[in-house]
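Subject: Structure for you to look at

Hello,

Here is the structure we spoke about, followed by notes on what was found in it. Please have it open while you read.

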Protein chains: 4
Amino acid sequence: MIIVLKSGASDAEVAEVEGRIRAMGYKPHTIRGELRNVIGAIGDDRGKERLRALESLECVESVTPILQPFKLASREVRSASSQVRIGDVVVGGREVVVMAGPCSVESRLQVLDVAARVKAAGARVLRGGAFKPRTSPYAFQGLEAEGLKLLDEARRETGLPVITEVMESERVDLVAEHSDILQIGARNVQNFSLLRRVAEAGKPVLLKRGMSTTIQEWLLSAEYVLSGGNPNVILCERGIRTFETATRFTLDLNAVPVLKKLSHLPVVVDPSHGTGHWEYVESMALAGIAAGADGLLIEVHPKPAEALSDGPQSLKPDRFAALMTKVRRVAQAVDRDA
Amino acid sequence: MIIVLKSGASDAEVAEVEGRIRAMGYKPHTIRGELRNVIGAIGDDRGKERLRALESLECVESVTPILQPFKLASREVRSASSQVRIGDVVVGGREVVVMAGPCSVESRLQVLDVAARVKAAGARVLRGGAFKPRTSPYAFQGLEAEGLKLLDEARRETGLPVITEVMESERVDLVAEHSDILQIGARNVQNFSLLRRVAEAGKPVLLKRGMSTTIQEWLLSAEYVLSGGNPNVILCERGIRTFETATRFTLDLNAVPVLKKLSHLPVVVDPSHGTGHWEYVESMALAGIAAGADGLLIEVHPKPAEALSDGPQSLKPDRFAALMTKVRRVAQAVDRDA
Amino acid sequence: MIIVLKSGASDAEVAEVEGRIRAMGYKPHTIRGELRNVIGAIGDDRGKERLRALESLECVESVTPILQPFKLASREVRSASSQVRIGDVVVGGREVVVMAGPCSVESRLQVLDVAARVKAAGARVLRGGAFKPRTSPYAFQGLEAEGLKLLDEARRETGLPVITEVMESERVDLVAEHSDILQIGARNVQNFSLLRRVAEAGKPVLLKRGMSTTIQEWLLSAEYVLSGGNPNVILCERGIRTFETATRFTLDLNAVPVLKKLSHLPVVVDPSHGTGHWEYVESMALAGIAAGADGLLIEVHPKPAEALSDGPQSLKPDRFAALMTKVRRVAQAVDRDA
Amino acid sequence: MIIVLKSGASDAEVAEVEGRIRAMGYKPHTIRGELRNVIGAIGDDRGKERLRALESLECVESVTPILQPFKLASREVRSASSQVRIGDVVVGGREVVVMAGPCSVESRLQVLDVAARVKAAGARVLRGGAFKPRTSPYAFQGLEAEGLKLLDEARRETGLPVITEVMESERVDLVAEHSDILQIGARNVQNFSLLRRVAEAGKPVLLKRGMSTTIQEWLLSAEYVLSGGNPNVILCERGIRTFETATRFTLDLNAVPVLKKLSHLPVVVDPSHGTGHWEYVESMALAGIAAGADGLLIEVHPKPAEALSDGPQSLKPDRFAALMTKVRRVAQAVDRDA
């Protein structure tokens, strides 16, 4: 932490701040500048957040953190890239892993049909929502437990591992019984009790970025899972909220190289939610791979115009198959497989 | 909903879209324009979200909602402003209700001291966090159940009703035993299972806006509580996330008149979280009242520089008392009391 | 500037960075932390921007500025609040100065009618656009020189000083002949050649914030005018661009106390552009005053539904008069006049 | 335009709005819904902006545009993609055109050295700033006319056409004499008099997106140039302003497919300004091509740590050459050349 004092701060005030820094267990190091004094606080970083309280002193101008506050998620702590295994699928290796399927599980026929077709096209994981976070209480809320059973059937039929969302701590055990990866949705990225709970569930976790979560906050949310004893965390960029309304969200592909620099965790990209329009999914899927993503999460629906959720952003199976052909070409161009 | 067709859409395509609208239970009404055709879908609005799926048709340019999707929260359904009663305190009446206290309950002495002083200055409700949502797993997480007991003691000592945050469905009953108002924090504004759960707890709910929640989404979250049978919802503006970093968040006071137009629910403002700096709290508190807010939520700490959370934005008790004097003057200038 | 080195940076790398800092004319001061080294660069701040280039070194993690980069606009350089005089009107004194009038000057009758009515209601300055920045080339672009003459006539009739926008360096002399205050619009806040040019025009300048300009950047734009020799700069908050669409922009009243802390320049608020809806203008005007603004800029039109620009956000003269009564009450509540 | 009336609007009010729509030259078409009435206004779209003024009527809830307000930039008006020729370089064809060079022209040696090296690596256009828009008046402002001459020399030496920025109407003729493409920077995207002026200069225009410009506004700015008689407009995505601070801006690659859908104009991507960090330039350059961009604009400096501007985001020539090899591979993977 760097504590900047107001110009004109007296020696006594400098001494007071230094004393408080020591009292919190850090070593103060004061730089006397031309206009004002700056004090560095040296010591273990994880608790440094407390030093921010010094900003409430009249003589303090600002308290600026210098180091990233996450540890286990950091590439400094672990320089080799992590790989997360789901059966024989490895996320974070040479292969670009595509997870595809419907936004919501709507019926047995729908999910089995889509599952077979995305598998045929090259998807390695089946996605499908059983519990759905819906902005409106009047919207379709998912088939819930029934949906989980249909996902089990789709796994048996296709052999594809399954990813589905869990929204509540009370349901973690139930969902973990039926899902190979536990998805934490954007709206729950800072639902800290849920993060603590999935850390204990013994299944890999795919953690979506919140729509206004900074990359630093996102990695701190990952840190909740990692520090809870679960090293198998996959990060998923799915679009942030900006002023632009031509897309539903602004898929922030910059996050891919930033995360690759800061963290060893695998990163996948969700161009379906990120753009909100099927016409933009292909471009952004390919861009995500070129940016260095380890995988994609794509919504596919046999009849998007009749979908109970997210129809506008769903690809038809044919279009998904065509996309997969292009995915393979771009993956090879950046020395990956798909 | 207004469905805009692409230019050049054929009569057969218009007919197909009209047929799909009818199949979803709405009545299509087509306007033939010079460049393209537009179809209005007439009928009950709450399920209209499904019509968005039509955007996945090749001949459809866009699907634009025309009406607000919330019902029970709307001033159209209930034109008179709602009032929420907590004992003899009424939020949404002529009085501007000030809720004050520490960010976190840290110790018996701290909370009893602050409680007595904010009461003396004119606060009508005591705030204090027992369960704390913290961005970092390494930060102080609150005194939890012990904190709730200290709040009980502060209520007994001062007679002030208490507001504290509940973060998990499993803790709703526990928190409801100890708190007069259940606070839903910004990070849980779209934790829909928690919203459904507090709807059943029989206590008033203060629902903070999420940092990237639109006003429409926020009112839909309120709708979860209202449609769950609990009419006692207070909305709390606490700052949104923007590009500006001079303040921790951007307190969006525009939300006050917008909410007053769209909804009958009472609105309070939290200038402490909204700005993140104690030096800006007074100005924005007064501005909130002038904008028409029904109350304020303000953090007060006896020793901000030693606070375990949110020290930079906490007022000292003396400063809070000085603020209350000004609050009363501005409240009177807009025909309110405080 | 604080230069943070990557963890593992060698002594030779530290020495290299120190050398480069010295070569740019600053004094390096190195703090050796537990995990990494941090180097402060001490010296005159105005040129420190160049130090950012060090971020391109492999061994450098980040370069973080510590001090505000503006000088003449800073309250550190001039602690007393500045006042800007326009005839007998003083902006930045005890009086809250209201500037009102139509978005665009549309006709002789329109502008004379509005001028008389806003004066009667208590406005101290007449606003009106002759040159209009319009997003679309097909929209009404203003009466231009003819509009300036009509403003002259309105000044003669009412005695009110006039504020109008100048958009081009080539027109600064022309506009300065007819206007008592030169308004720089939001889209030109970083039109640096225009800023340099109005600095020489010998008239006070009202500098609107850009829709995505940080407060720091805005003060640097003011610095262009101040360092060009013109001390008479008024800052005008007019709304920033955020994700929220319920208002046209998000009027950021937080900017008022932030500017009052950082700068000595007077600050006015434009709730008309800031909200984009006449129904929200009153609340935000009053809130602006309560937040500490030195004035207001408000659009008034005799027939908003027929306005050639910004009809939705214009007040009718009667409504403006009613607002002025409330403005006076809130101003008095915060020890100001209006 | 769709005019939504408030619920409870009377027949007389509906008739009044219909009358006003007719008076503005449009044909009203009223849909009577269950809760409220909606009126479509049919007719030529370019002037429809005026209809927004109806929002100021008490009985009107909102006025929502349905069609895109730009014409000449629209793919509906011209379905074939436009190509912009600069000598033998074609932007918008099969080739991905890379424009590279220093942020600022700093010296003869610097620019000649970089020009030769980017040409050798495969760049087709030389970029370099002579007039620099700088946030601070104390920062290096460019070599101005001297810089233009150095660019001329670099063109003679290398045969590369040159792109440089023009910031002021008064300098358009001067810059047009020395530059093959006129660059309009992000801060001038809504400097409408400059846009009108470059429309007449007879040179292709590269129009950067503003940091808070929506795609619709950006295309309206392009419309100023197109309607001024210059069809040779290239759009350049260079990052928007969001809450995320890990990158300097958020390069919005979603804009690429959105623009390709809405417009026929060529689109290039600037990953240097978009990210602000050289470490992220490669990933985002490749992602831009995979997203469908027609070209790249990349900053290259022989000694970034000594650059007078934008050092942190500049590539060294070697790194640029390595990037070009990857650019070619990704371009081929999406059926383009480079």
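The model is a predicted one.

Helix α7 of chain B

The buried residues of α7(B) are B:Ala255, B:Val256, B:Pro257, B:Val258, B:Leu259 and B:Leu262. That makes six of the eight residues of the helix, which spans residues 255-262, so α7(B) is largely enclosed by the rest of the structure. What lies over these buried residues? From chain B, the cover includes α6 (215-227), β12 (233-237), β13 (267-269) and α9 (278-291). Chain C takes part as well, with its own α9 (278-291).

How chain A and chain B are related

Chain A is superposed on chain B by a rotation of 180 degrees with 0.0 Å of shift along the axis, at an RMSD of 0.0 Å. This is the relation of a two-fold axis. Within chain A, A:Ser212 has the C-alpha nearest the axis, at 2.9 Å from it. Both copies use the same surface, as 100% of the contact residues of chain A recur in chain B.

The interface

Chain A puts 55 residues into the contact, and chain B puts in 55 residues. Between them the two chains bury about 4,600 Å², with 52% of it on carbon and sulfur atoms. Which residues of chain A lose the most area to chain B? They are A:Thr135, A:Tyr138 and A:Ala305, which together account for 15% of what that side buries.

On the polar side, 25 residue pairs are in polar contact between chain A and chain B, counting pairs with both residues at pLDDT 80 or more. The interface also holds eight salt bridges. In one salt bridge, the side chain of A:Glu217 meets that of B:Arg241, with 2.6 Å from N to O.

As for secondary structure, the elements of chain A that give two or more residues to the side touching chain B are α5 (192-199), α6 (215-227) and α9 (278-291). Of these, α6(A) gives the most, with five residues. By residue class, the side of chain A that touches chain B divides into 20 nonpolar, 15 polar and 20 charged residues.

If you want a place to start, A:Ser212 marks the approach of chain A to the axis, its C-alpha being the nearest one.

Regards

Conventions
Residues numbered from 1 in each chain as written. Chains lettered and ligands numbered in written order. Predicted model: local features only at pLDDT ≥ 70, side-chain atom pairs only at ≥ 80, totals over all residues. Heavy atoms only, no water. Least-squares fit on C-alpha atoms with pLDDT ≥ 70 in both. Contact = heavy atoms within 4.5 Å. Buried < 20%, exposed > 50% of the residue type's maximum accessible area, 1.4 Å probe, protein only. Helix = DSSP H or I, 4+ residues; strand = E, 2+ residues; numbered from the N terminus. Buried area = accessible area lost by both parts, 1.4 Å probe. Salt bridge = Lys/Arg side-chain N within 4 Å of Asp/Glu carboxyl O. Polar contact = N/O pair within 3.5 Å; in protein donor to acceptor, adjacent residues only side chain to side chain. Nonpolar A, V, L, I, M, F, W, Y, C, P; charged D, E, K, R; others polar.
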